[in-house]
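Hi everyone, thanks for coming. Let me walk you through a structure that may be new to you.

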Amino acid sequence: MPPVADTFGRPLRNLRLSVTDRCNLRCSYCMPEEEYVWLPKPNVLTFEEVARTVAAFTALGVDELRLTGGEPLLRADLPVLVRMLAAPRRLREIAMTTNGVLLADHAVALRAAGVDRLTVSLDTLRPATFRLLSRRDDLPRVFAGIEAARAAGFTGLKLDTVVIDGVNDDEVPALLDYARGIGAEIRFIEYMDVGGATHWSPERVVSRARLLEQLRAAHGTVHALPRTDSAPAERFALRDGTTFGIIASVTKPFCSTCDRSRLTADGMWFTCLYATHGEDLRALLRSGADDAALCERIREVWRGRRDRGAEVRAALPERRALAEAASLRANPHLEMHTRGG
Ligand code: SAM
Ligand code: SF4
Ligand code: SF4
């Protein structure tokens, strides 16, 4: 089948697959509330349904798959799903983003099943800040998870850090040192006003410009590396060759090259992180649609795609949190932890 492109010519290449909406942390920038409305269990796609849907996406050009959540390691028997997804050999890469808490128990099995690369979210090196940020006391387990991933043979490990003013912005140089020490590449992420981030305000965003300033002050010359793909991170190098990334979704959006879309654990497909409506692929699957019909629907939606959510947000005269807690409770599909980061 010919590759499919949207109205701006952006190809459908990268699928983020949320395997669960549950999480074992409560990060203040993602799940700050006390209560959440969870996806009903019967609606969660079976492994067979996920594999069929992913096959339709690969037929239309997707060659990079990222498992995410919620916390993906909370999905029972995840390595079984990974094997099913890897078997047709249509994907160039299967990656996973995890908070690392359960990684020590699963790293070997994930590697054996076919996960190629891991990104571990790590916002701080300080136990007290971890507790403040995530309302859990699990930083030692995250470090153990990172070590286990290295021991299991995961190379090209990435660390993702959401930087928040007054919380962990003073740790940016130390986090870079930590990443360098373990041979990982760290990416600093601007705090985004996505669904779920009900405590977001512009003052709490640490901008790309400020991050670069801080890193230059601590580590000397920083030079930009040429872009080689449509990945969201801009990459930079220090004089000693250490590389790092910045994901400046707030101050320097990159919608013009966005080839990413997101499938929730219950089969809703979102063509933008900020999209308010998704395509209900579960309904289509469970109505008995065949593979051709599934592909056709995905193709049709992607062809009509006009999303540029972060650019639209950046152009607003006044910017506040995207959604209030009440509207998120009424529609959990708007949550970052439901649609996957
Ligand atoms: N639970 C896993 C984790 O934290 O790695 C995977 C899902 S999480 C939604 C994926 C990524 O989204 C994480 O790296 C997290 O830091 C990021 N994220 C969540 N809320 C964010 C926000 N408001 N701004 C920027 N990044 C955010
Ligand atoms: Fe934190 Fe990821 Fe859980 Fe959100 S889904 S609360 S970012 S660990
Ligand atoms: Fe892509 Fe939407 Fe993010 Fe822009 S805001 S980069 S279109 S997902």
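I'll start with the ground rules, then go to a helix, one of its neighbours and a ligand.

This is a predicted model, where local features need pLDDT of at least 70, side-chain atom pairs count only at pLDDT 80 or more, and totals for chains, interfaces and linings use all residues. Residues are numbered from 1 along each chain as its sequence is written, chains are lettered from A and ligands numbered from 1 in the order in which they are written, and side-chain values use heavy atoms, without hydrogens and water.

Let's look at helix α9, residues 291-303. Helices here are DSSP runs of H or I with at least four residues, strands are E runs of at least two, and both are numbered from the N terminus. Which residues of α9 are buried? They are Leu294, Cys295, Ile298, Arg299, Val301 and Trp302, where buried means under 20% relative accessible area with a 1.4 Å probe, protein chains only. These residues sit on the same side of α9, because they cover an arc of only 165 degrees around the axis, taken from the directions from the helix axis to the C-beta atoms. Their cover includes α1, β10, β11, β12 and α8.

Now to α8, where we find Leu281. Leu281 is buried, at a relative accessible area of 1%. Leaving out residues up to four places away in sequence, Leu281 touches, among others, Leu294 and Ile298; contact means heavy atoms within 4.5 Å.

Finally, ligand 2: around it are Cys23, Leu25, Cys27, Tyr29, Cys30, Met31, Gly70 and Asn99, each with a heavy atom within 4 Å.

Methods: Expected span 1.5 Å × (residues − 1). Buried < 20%, exposed > 50% of the residue type's maximum accessible area, 1.4 Å probe, protein only.
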